[in-house]
Amino acid sequence: MSDHQTPTPDFSPAMLKGFLRARVKMEFYMKAYPNAPLTVEADRGHREAGLRGELRKRAGVSAKDFKRAWDGLGVDLNARLKLWRALGVSPTAHGVRLVGTDQQEWMAHRRADDAA
């Protein structure tokens, strides 16, 4: 048996914050790309706020839960799962079970249907 241990993926509140912010930035630039940079920057804040709202609605979470996650704070388990799903990420597919508002645990054996 090897001493090498596979690192557990990180689904912490800080990581969720990073993914949410990256997704909004990515969507902003994807929508803004055809426009000249000067016109894009003028209403960037407004457009990013709209994209945050779209992501929140896609996830089906409250504004309060989204704001807490956006700020890197823990949210209830159901909201965490919904937010990760809206980002296209399944913690269980990576062998991680989310626990409570900010914890996770490694799943020794994944079920085949969890990875789907």
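Which glycine follows H3, and is its phi positive or negative? It's glycine 60, and its phi is positive, near 75°.

Before going on, note that this is a predicted model: local features need pLDDT of at least 70, side-chain atom pairs count only at pLDDT 80 or more, and totals for chains, interfaces and linings use all residues. Residues are numbered from 1 along each chain as its sequence is written, and side-chain values use heavy atoms, with hydrogens and water left out.

**The overall layout**

The protein has five helices and two strands, in the order α-α-α-α-α-β-β from the N terminus. Here, helices (H or I, at least four residues) and strands (E, at least two) are DSSP runs, numbered from the N terminus. Of the 116 residues, 30% are buried. Buried means under 20% relative accessible area, exposed means over 50%, and partly exposed is in between (1.4 Å probe, protein chains only).

Let's start with H3, residues 44-59. At 1.5 Å a residue, its 16 residues should span 22 Å, and its end C-alpha atoms are 22 Å apart, which agrees. The expected span is 1.5 Å times one less than the number of residues. Buried in H3 are Arg44, Glu48, Leu51, Leu55 and Ala59. They cover an arc of only 75° around the axis, so they sit on the same side of H3. That arc is taken from the directions from the helix axis to the C-beta atoms. An α-helix has 3.6 residues a turn, so residues three or four places apart point the same way. Over on the other side of H3, His46 and Lys57 are exposed.

|---|---|---|
| H3 | glycine 60 | positive, near 75° |
| H4 | glycine 72 | positive, near 80° |

**The core and its surroundings**

A nonpolar core is a set of buried Ala, Val, Leu, Ile, Met, Phe, Trp, Tyr and Cys residues joined through side-chain atoms within 4.5 Å. The largest one has 22 residues, and Leu16, Leu20, Leu55, Phe66, Leu83, Trp84 and Leu87 touch the most other members. H1, H3, H4, H5 and E1 each supply at least two residues of this core, with H1 giving the most, five.

Now zoom in on phenylalanine 66. Leaving aside neighbours within four places in sequence, phenylalanine 66 is in contact (heavy atoms within 4.5 Å) with Leu20, Arg52, Leu55, Arg56, Val61 and Leu83. Arginine 56 lies in H3 and, at 22% relative accessibility, counts as partly exposed.

**The hairpin**

E1 (residues 96-99) and E2 (residues 103-106) pair in the antiparallel sense over four bridges; strands pair if DSSP finds at least two bridges between them. Arginine 97 has glutamate 105 in E2 as its bridge partner. E1 has a covered face, Val96 and Leu98, and an uncovered one, Arg97 and Val99. In a regular strand the side chains alternate between the two faces of the sheet. Three residues lie between the strands of this hairpin, and glycine 100 takes a positive phi near 60°.
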